Amino acid sequence: MQKYFFHVRRNDIFEEDLEGIDLASPEQAREEATAAARKIVAERIRMGNPLDGDVFEIMTEDGTLVATVPFRSAVQLT
């Protein structure tokens, strides 16, 4: 198991995940980020707030960037 951190970048703002989560693989980290982004996007839509181009930057404990997950990629808007 490795610890992954799900930092959020919103335009010029960077919100650091200080806790992280232990997961088995980068693929599992990407799945977790996608699920979390779906929940966040759904709540923003319910509240009438814009999506604003947020992105999860998934990093390991040593600071290696494993993946980026744009919140918009987590949902299909028709």
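This is a predicted model: local features need pLDDT of at least 70, side-chain atom pairs count only at pLDDT 80 or more; totals for chains, interfaces and linings use all residues.
Across the whole structure, a search finds 2 aromatic pairs. In one of them, the rings of Phe 6 and Phe 56 have centres 6.0 Å apart and planes at 85°, and the pair is therefore edge-to-face, since the angle is over 60 degrees. Phe 6 belongs to strand 1 and Phe 56 to strand 4, so this pair ties together parts of the chain that lie 50 residues apart in sequence. Phe 6 and Phe 56 are both buried. Phe 56 also pairs with Phe 71, and here the arrangement is tilted, with 4.8 Å from centre to centre and 40° between the planes. That pair again links distant parts of the chain, 15 residues apart, with Phe 56 in strand 4 and Phe 71 in the segment after strand 5. Taken together, the ring pairs join Phe 6, Phe 56 and Phe 71 into a cluster.

Which residues have the most contacts inside the largest nonpolar core? That core has 15 residues, and the ones with the most contacts inside it are Tyr 4, Phe 6, Ala 29, Ala 33, Phe 56, Ile 58 and Phe 71. Two or more residues each are given to this core by strand 1, helix 1 (26-47), strand 4 and strand 5 (65-70), and the largest share, 4 residues, comes from helix 1. As general background, nonpolar side chains in soluble globular proteins tend to be buried together. Tyr 4, if we leave aside its neighbours within four places in sequence, is in contact with residues that include Leu 23, Pro 26, Ala 29, Ile 58 and Val 66.

Let me turn to the strands themselves. Strand 1 is joined to strand 4 (residues 55-60) by 6 bridges, and the two run antiparallel. Strand 1 also runs antiparallel to strand 3 (residues 21-23), with 3 bridges between them, and in that pairing Gln 2 stands opposite Leu 23. The hairpin of strand 1 and strand 2 has 2 residues between the strands, and in it Asn 11 takes a positive phi near 55°.

A polar atom of the His 7 side chain lies 2.9 Å from the backbone nitrogen of Asp 17.

Finally, Thr 60 lies in strand 4 and, at 8% relative accessibility, counts as buried. The side chain of Thr 60 makes a polar contact of 2.4 Å with the side chain of Asp 62. Beyond its neighbours within four places in sequence, Thr 60 is in contact with Gln 2, Lys 3, Tyr 4, Phe 5 and Val 66.

Technical notes. Residues are numbered from 1 along each chain as its sequence is written. Side-chain values use heavy atoms; hydrogens and water are left out. A polar contact is a pair of N or O atoms within 3.5 Å; within protein, one must be able to donate a hydrogen and the other to accept it, and residues adjacent in sequence count only if both atoms are side-chain atoms. Two strands pair if DSSP finds at least two bridges between them. A nonpolar core is a set of buried Ala, Val, Leu, Ile, Met, Phe, Trp, Tyr and Cys residues joined through side-chain atoms within 4.5 Å. Buried means under 20% relative accessible area, exposed over 50%, partly exposed in between (1.4 Å probe, protein chains only). Contact means heavy atoms within 4.5 Å. Rings of Phe, Tyr and Trp (its six-membered ring) pair if their centres lie within 6.5 Å; planes under 30 degrees apart count as stacked, over 60 as edge-to-face and the rest as tilted.
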